[in-house]
Amino acid sequence: MSRHTDRPGPDDRRVRVQGEPVDSYPALPPEAERGSERRITVVGEEVLGRPCREVTEFGSPELSALIDDMFLTMHIADGAGLAANQVGVDLRLFVYDCPDDHGIRHVGHLVNPVLELPDPGHRRLIDDVEGCLSVPGATMTVPRTDRAVARGFDKDGRPLVIEGTGYFARCLQHETDHLFGHTYLDRLAKRDRKDALRQMEGRREAVLAQRARKAALLSG
């Protein structure tokens, strides 16, 4: 998911890593420091349109390397979240580095997530602007519930429960959608979807050029 640029920036004194509060955390996460950039898939590619496979092997060097690569790729693209199929890998996994509406920064990864949303009678939908790294340059208003809980595992198979409110809840919903083969475009009316695709066509090259500049700065 694209980072929301008009929200308060995350405060490093108020950070939760894998759901646990910490005193501080570097702007560039350690995972990104270790990672290599991967190409981000674009809407229309087959891997984005089918459900991802469950991760069955935990604790492997390959899984750790994938998470590191995803963190760096997300950082280069100024993203708040990134699912594995957005780098061409059809596994149920996403990473995130996302502020909530209170400026608390949430950083981590989640494997085989199961999303829990409030019951319809207690659910509050918020219309807010949403973007996607696989729909470069486009933003549209999408209704999402203001609270979400994602249950899953870390890369070593330890259970995790990640709770999100506001914009971070939106991020958890957005990334879990990806793992079922959906983008936020699938939640739009046909006319709005066409509008988003037109935005992408007009802005895509500029977005990709910006990513290339940031990648060059980090590698230099």
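Colleague: In this predicted model, in which loop is Gln86 found?

Modeller: The model is a predicted one. Gln86 belongs to the loop between β3 and β4.

Colleague: Is Gln86 buried or exposed?

Modeller: The relative accessibility of Gln86 is 0%. Buried means under 20% relative accessible area, so Gln86 counts as buried.

Colleague: Which side chain makes a polar contact with that of Gln86?

Modeller: Beyond its neighbours up to four places away in sequence, Gln86 touches several residues, including Arg39, Thr41, Cys132, Glu175 and His178. Ser134 also belongs to that list. A polar contact of 3.0 Å joins the side chain of Gln86 to that of Ser134.

Colleague: Which element gives the most residues to the largest nonpolar core?

Modeller: This core has 27 residues, and the members that touch the most others are Leu66, Met70, Phe71, Leu82, Leu93 and Val95. At least two core residues come from each of β1 (15–17), α2 (61–76), β4 (93–99) and β5 (105–116). The greatest contribution, 8 residues, is that of α2.

Colleague: Why is the pair of Tyr96 and Phe168 described as tilted?

Modeller: A pair of aromatic rings is described by the distance of the centres and the angle of the planes. For Tyr96 and Phe168, the ring centres are 5.2 Å apart and the planes meet at 50 degrees. Planes under 30 degrees apart count as stacked and those over 60 as edge-to-face, so this pair is tilted.

Colleague: How many residues apart in sequence are the parts that this pair ties together?

Modeller: Tyr96 and Phe168 are both buried, and together with Phe94 they form one aromatic cluster. Tyr96 lies in strand β4 and Phe168 in helix α3 (residues 166–179), so the pair ties together parts whose separation in sequence is 72 residues.

Colleague: Over the ring of which residue does the charged end of Arg92 sit?

Modeller: The distance from the charged end of Arg92 to the ring centre is 5.0 Å. The ring in question is that of Phe180.

Colleague: Which residue in the turn of the hairpin formed by β8 and β9 has a positive phi?

Modeller: β8 and strand β9 (residues 159–165) pair in the antiparallel sense over 7 bridges, with Gly152 bridged to Leu160 in β9. The hairpin has 5 residues between its strands. The turn residue with a positive phi, about 90 degrees, is Gly157.

Conventions: Residues are numbered from 1 along each chain as its sequence is written. This is a predicted model: local features need pLDDT of at least 70, side-chain atom pairs count only at pLDDT 80 or more; totals for chains, interfaces and linings use all residues. Side-chain values use heavy atoms; hydrogens and water are left out. A nonpolar core is a set of buried Ala, Val, Leu, Ile, Met, Phe, Trp, Tyr and Cys residues joined through side-chain atoms within 4.5 Å. Buried means under 20% relative accessible area, exposed over 50%, partly exposed in between (1.4 Å probe, protein chains only). Helices (H or I, at least four residues) and strands (E, at least two) are DSSP runs, numbered from the N terminus. Rings of Phe, Tyr and Trp (its six-membered ring) pair if their centres lie within 6.5 Å; planes under 30 degrees apart count as stacked, over 60 as edge-to-face and the rest as tilted. A charge sits over a ring if NZ of Lys or CZ of Arg is within 6 Å of the ring centre and within 35 degrees of the ring normal. Two strands pair if DSSP finds at least two bridges between them. A polar contact is a pair of N or O atoms within 3.5 Å; within protein, one must be able to donate a hydrogen and the other to accept it, and residues adjacent in sequence count only if both atoms are side-chain atoms. Contact means heavy atoms within 4.5 Å.
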